[in-house]
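This report looks at a few local features of one structure. The sequence and the model are shown first.

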Amino acid sequence: MAFEYVPAIVLLPFLSFVIALFAGKYLPKGGALAGIAATAGSLLLSIWAFLTVRSQGAYQETIYTWASGFGEQPWELTFGVLIDPLSAMMLVIVTLIATLVHVFSLGYMNDEGETGLPRYYAGLGLFTASMLGFVVADNLLMAFMFFELVGLCSYLLIGFWFREDGPPSAAKKAFLVTRFGDYFFLIGVVAVFSTFGTAAFVGAESFPVLAEEAVAGDVTVNTFGFDPTTWFTIVGLLVLGGVVGKSAQFPLHTWLPDAMEGPTPVSALIHAATMVAAGVYLVARMYGFYAVSPTALAIIAFIGGFTALFAATMGVVKREIKQVLAYSTISQYGYMMLALGAGGYVAATFHLMTHAFFKALLFLGAGSVIIAMHHNENMWDMGGLKDKMPVTYWTFLAGSLALAGIFPFSGFWSKDEVLYEALIHGLGGSPLLLGAYAMGLLAVPVTAFYTFRMVYLTFHGEPRTDTARNPEPVRWNVKFPLSVLGVLAVVAGLVNMVPVQKVLGLEGIDYLHQWLDQSFDPLTAHHYAEVSPYSSGYIGGEATTVLVGAAVSLGLALAGLLLATYLYNVAEPTEHTAKLGAIKDVLYNNYYQDEFQVWIANRTQSVASVADTFDQGVIDGVVNGVSSVSLFSGSRVRRIQTGVVTNYAALLTLGLTALLLAFGLLGGWFL
Amino acid sequence: MSAVSIVNAAAAAPLQVVLPEWTAIAPVLILALTGLLLLTIDAIWPGRNGNTTFAFVSALGSLAALTVTVWYLVAGTGQVGGSITLFSEAIVVDGMALFFTAIFTSVAALVVVASHDYLAGHENAASYYSLLMFATLGMALMAVSNSLATVFVSLEMASLPSYALVGFLKKNRGSVESSLKYFLIGALSSAVFAFGISLVYAVTGSLLLSEVAAGFDDGVAGFAGVAGIGVLMIAGGFAYKTASVPFHFWAPEAYEGAPAPISAFLSSASKAAGFVVAFRVFSTSFMPLLDATPAIDWALAFAVLAVVTMVLGNFAAATQENVKRMLAYSSIGHAGYALIGLAALTAGGPHNGDVMGAAMAHLLIYGFMNTGAFLFIAMVEYWGVGRTFEDYAGLSTKAPFASLAMAVFMFSLAGLPVFGGFFSKYALFASAVSAGFWWLAAVGAITSALSLYYYSRVVKALWIEQPNGNLDAIDSKPTGLYAAVIFAAVATVLLLPGFPIALETAEAAASALFA
C-alpha cells in the first residue's frame, strides 16, 4: 500500500517548488507554508514507507521506461523506485531535516525580512525533491540525473544572495568543482552500461550482482580487455569521482567552506541531509559493486581517513562559526568514507544518520546565533550567549558533544563503530587500513578541540561586543527545530549499541544491523560482509578490542575537550593561535589548498596550453575553430556570391561540368 | 485496386468507406479549386480590397487539403494494399506523396495566415494568394508525379508562381532583382533538367518511372555515358529546386529579396517539394544503376553534393550580418542534411528505407521550424525594426512570446536536445551511420555544431543584449503573424513527443518505395 505513494514523496516537494516559483509572491510567507506542508507530507509518507518495509520487506518497481534500445543491445533506460531499509531510512532523515529546515527558515529568512523568498523556497523545494529522487533511484543513471539536479539546486541556493560579491563566486566554485567530479561519474555510468548493459541496483541482472559473478567467473561481461577486478576497480573509481566531489573529500573539498556564503538553513540542508550526504549514500547504495574490488575499498578508506584528519586540523583556527562547522562536515564525511572503505557498511550508514541529526542541529544552532548576532559570524565577537539563549545553548551543546564523540551522545556510538570496523579489519591482515585508522583516530581529539573551542567562544565567557550583550531574541520557529534535533542528537546512537552488545553479551540491541539486513538478498549488510575482502583480527578477544578501541577514542576526545576548556573556557579568552607559529598561517589558509589549486592552474600552463590548444584546435576546432575558419572561408563564399547573375550561371555550369567529368571518367562511362 | 479503400490497417475494417479512385488526389484538386475560387472572387468583385476574404479562403483551402491528406495518411490510402496510380501511371498516390503533401499544405496554411498582416493595404492581394495556392498545387503535384513528364511539368508549375511571388513587391528593387535572378537560374536549371530527361528517355525509351527502372534493369552497357550524364543532369535539376550546391546561387538572393512569408514558403515547402520528387525518381527509377556495370554511382554524387552543401551553407551562414540572409544560408545547409537521405542509399541496402524516412521526417520538422523562423523575420520586417543582428537586440523586451518562439526555432534548427530538430537530425545521422556512411554523419554533426554558433547569435541578440533604441517602432501586434509563429513553435515542440510517430510513418512510406 504505502509503496504506491512513494513517488508522491518526491513529487510533493517538487509541487511546493512549482507553487513557490509561480505563486510564491501571492502567498503569505512567500511559499514557506506550502513547503512545510509538502515536506511534512513527505515525512509522513516516508515514515509510512519505513514501517511498511519493516513489516513487508523491501520493494522495487520500474515506473517509466523512457528509452529502450533494440537490436543486439536491448538496453532500457528507466525511472524506478527502490525502497529498502537503506533508502527508507534515508528518506525519513531527508524529509525530517527538510521539514525542520523549512520551519527554521521562517525564523531565519521571513522574520529577518529577506527579499526573494519565493525563489528561496522554490530552491529548497526543488533541492529536497532532487535529493529524494536520488534516494529512491533504482538505477545508476537515474541516480546520476538527480545527483546533477542536486548540484544545480545547491548552486542556486548558495548563490541566493547573488547581488553580493561572495555568494555568486562561491556558488560557481561549488558548481564547477563538483562538476569536475561528476565528469568522472558520468564516464563511470557509461562504463557501467557498456560493461553490464544495465545500471540497475537490484535484481538478478543488476550490475553489482553481475560484477560479483564476473569476478567469480560465472558470467562474462565486456571488460574491455582488462581483468574483471581491475576493470571494476577502474569503473568504481570513476564513479567515486562524483562521490569525492559531492561529499567534499580531499582533494575536491575546497568548494564546501566557500559554500557557507549561502543562507544558513541551506547550509544545514546541504551538509546534513542532501548534497554532501549524496556522495556517501551513493557508495552505500552500490556497495556490492565496490565490495568486489579491494583496491577501490582501500582507496576509499584512505581518502576518508586522510580527509577526516586533514579537514579537522583546518577547523582549529577558524574565526567564523560556520567555517568551523564546514570543516567539521568535511571531516565527518571522511569518517563515513573510511567506514565504507574499511568494510563497515552499517557503521557508515549509522554515522550518516547520526551526523545528519547533529550536524543539522549545529547548523541551525549556528543560524540561531547568527540571527541573535545580527548576521555577524565571527566567534571573537560573541561570548556569553549561554544565558541569553538557553534553548540554543543546550541544544548546541548536545550537538557538540555528539560531534566530539562523547559518551553517550549519538556521535560517540557511530564514530566508535567506524573506528572499530577499521581497526579489526586492519588487524585482520590489511595493515593499510591501520594507517587510515590511525588518521581517523588522530582526528578525534582535534575534532573535540575545535568543537569545544567553538562552544566556549560562542557561549561562554564574557560578551565581547555590544551585540553579544543584547542579542536579538529568536522565536519558536527557531527553537522548535533545535529541540527536535537536540533530542535526536542525544538518543539516535541508541539504535545501534554494538559495543554494549559485544561487551555485555546482550543479544538483539544492534537494531540498525538487523534493519539493514532486511533488504533484498544481495543488498543486505551480511551479504556485503561476505563479499568484502576483509577478515577480522582482534586484540585479545572481541570484547577486549571493543573496550580498548572505545576507551582510546573516548580518551582522546576528552583530552581534546579538556584542552579546549583549559584554553578557552575563561572569562576573556585570547587567541592562542600565535603559539602555533608558522603552522597557524598554514592552517588558517587551509594548507594553501586554494592557492595550490590556483598555483596548479598557473604552473601547469604548459600542460594547460597544450590541452587548450587541443581544446581550441581539435575539439573547438571542430566547433569554434571551424567557425573561425569558416568566418574566413565564409567571406570567400560571400565573394563567390557576387550578385552578378551571369557569374552564377557560369559557376553553376562549371560545377555541373566538373561533376559530370569526374564521375564520368572515374566511373568509366565513356569507355 | 478498383477503388480507394480507406481501411483501418490493423483491424478488419470496422469503418470502411469506399470512394472513387480519382479522389485519391483530392488534396491536389482542393488546392486547384481554391486557387480558381480566389481568381473568381477577384473577377466578380474587382478592385475591392479583399485581403481578409482571400486570406480566409486560402487558409480554408489549404487546411481542407491538409485535413484530407492527414485523413488519407491515417486511414492507409495508397499504403495498405499498394499505391494507387492514375492517368496511365503518370500519377501515383502513396505514403510518401501524402506525407509531403501534408508538409506543403501545413506550410502553406501558416504562410497564408502570416501573409494577412504582411499584405495589409496592399493591392492585388488576390494574385498573391492565388499564386501561393497554385505554387502549392504544383508542389502537391510533384509529390504525386510518377513520370518524368509530370515531374517536369509540375516542377515548372511550382516554379513559375514562385518567381512571381518573389518579385511581388514590384516597387522594391531588391524584390524585383532577386526575382529576375531566380528566374534566370531557374530557366538554366530547367534546361539542364529537361536535357537530362531526354537523355534518360533516349536510353530507356520511356518516361514512366517504373518503365525507366525496367529499362535500366538490363544494364546500361554501351549507353553508360548517355545514361550517366542524363541521371546527373536530372540530379542537377533537383539540386536547383532544393537549393543545393552548385545550383544554390539563386537562394540567398531570392530569400532575402522576397517578402519574408514567401521566403518561408520557398525555403520550407519548395525545398521539400524538390526532395520528394528527387526521392521518388531516384529510388524508383535509378536504383538499378547503382550496381550496373559500369556503375553510375549517383549516390556518391549526392554524397559529394551533400558534403559540399552542408559545409558551404553553414560556413556562409556563419559570416552573415543580416538575419534573413543567415537563415537563407542555413536553409541551404539543411538541404545538405536532407541530401543524406539520397546519398546514403546503396543497392539493395537494408537501411535504405530508414535513411530516406529519416530525411523525410527531418523535412517535416524543418518545415515547421524554418517556416516559423522566417515568419518571425516577417514580423520584424512588419515592425520595420531592421535586418541585422544588432537591430534584433533586446526584442524580447517588446515581444517576449515571439522571441521565445524564435529561440525555440533557432535551437531546434541547430539540433539541440529537447526540441524536435534534435531527434530528426539524430535519426538522420544514426541511420546514415548504420547504413555505413559514418563520414556523412560526421560532417553533418560537425556542421551542426558550427550552426549552433550563428543560431545562438540570434537568441543572444533577442534575449541577452540590451535594446539600442530602435524598438520604439513596435506599436502593433500583428495577430495573424503572431498566431502563425506561435503555432509553428508549438508544432516544433510537440513534434518532440510526436517524433516517433512521424518517423515511423516516414520510414514506412520510404520503405514501401524499396519493397
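In which helix of chain B is W439(B) found? W439(B) lies in helix α18 of chain B. The model is a predicted one.

Leaving aside residues up to four places away in sequence, S106(B) touches L66(B) and F368(B).

**A nonpolar patch**

W439(B) also belongs to a nonpolar surface patch of about 520 Å², together with L300(B), V304(B), V308(B), V433(B) and W438(B). Two elements of chain B, α12 (298–318) and α18 (438–463), each give two or more residues to this patch. The largest share, 3 residues, comes from α12(B).

**A helix pair in chain A**

In chain A, helix α14 (residues 321–341) packs with helix α15 (residues 345–372) at an angle of about 175°, and their axes are 9 Å apart. The angle therefore makes α14(A) roughly antiparallel to α15(A), as angles over 145 degrees count as roughly antiparallel. On the α14(A) side, the residues that meet α15(A) include I321(A), L325(A), Y333(A), M336(A) and L340(A). Among the residues they meet in α15(A) are Y345(A), L352(A), F358(A), F363(A) and I370(A).

How values were computed: Residues are numbered from 1 along each chain as its sequence is written. Chains are lettered from A and ligands numbered from 1 in the order in which they are written. This is a predicted model: local features need pLDDT of at least 70, side-chain atom pairs count only at pLDDT 80 or more; totals for chains, interfaces and linings use all residues. Side-chain values use heavy atoms; hydrogens and water are left out. Patches are made of residues with over 30% relative accessible area and no salt bridge: like charges are joined within 9 Å, nonpolar side chains (Val, Leu, Ile, Met, Phe, Trp, Tyr) within 5 Å. Accessible areas come from the Shrake-Rupley method with a 1.4 Å probe; for residues, only the protein chains shown count as cover. A salt bridge is a side-chain nitrogen of Lys or Arg within 4 Å of a carboxyl oxygen of Asp or Glu. Helices (H or I, at least four residues) and strands (E, at least two) are DSSP runs, numbered from the N terminus. Axes are lines fitted to C-alpha atoms, for helices over the stretch in contact, and angles run from 0 to 180 degrees between N-to-C directions. Angles under 35 degrees count as roughly parallel, over 145 as roughly antiparallel, 65 to 115 as roughly perpendicular and the rest as oblique. Contact means heavy atoms within 4.5 Å.
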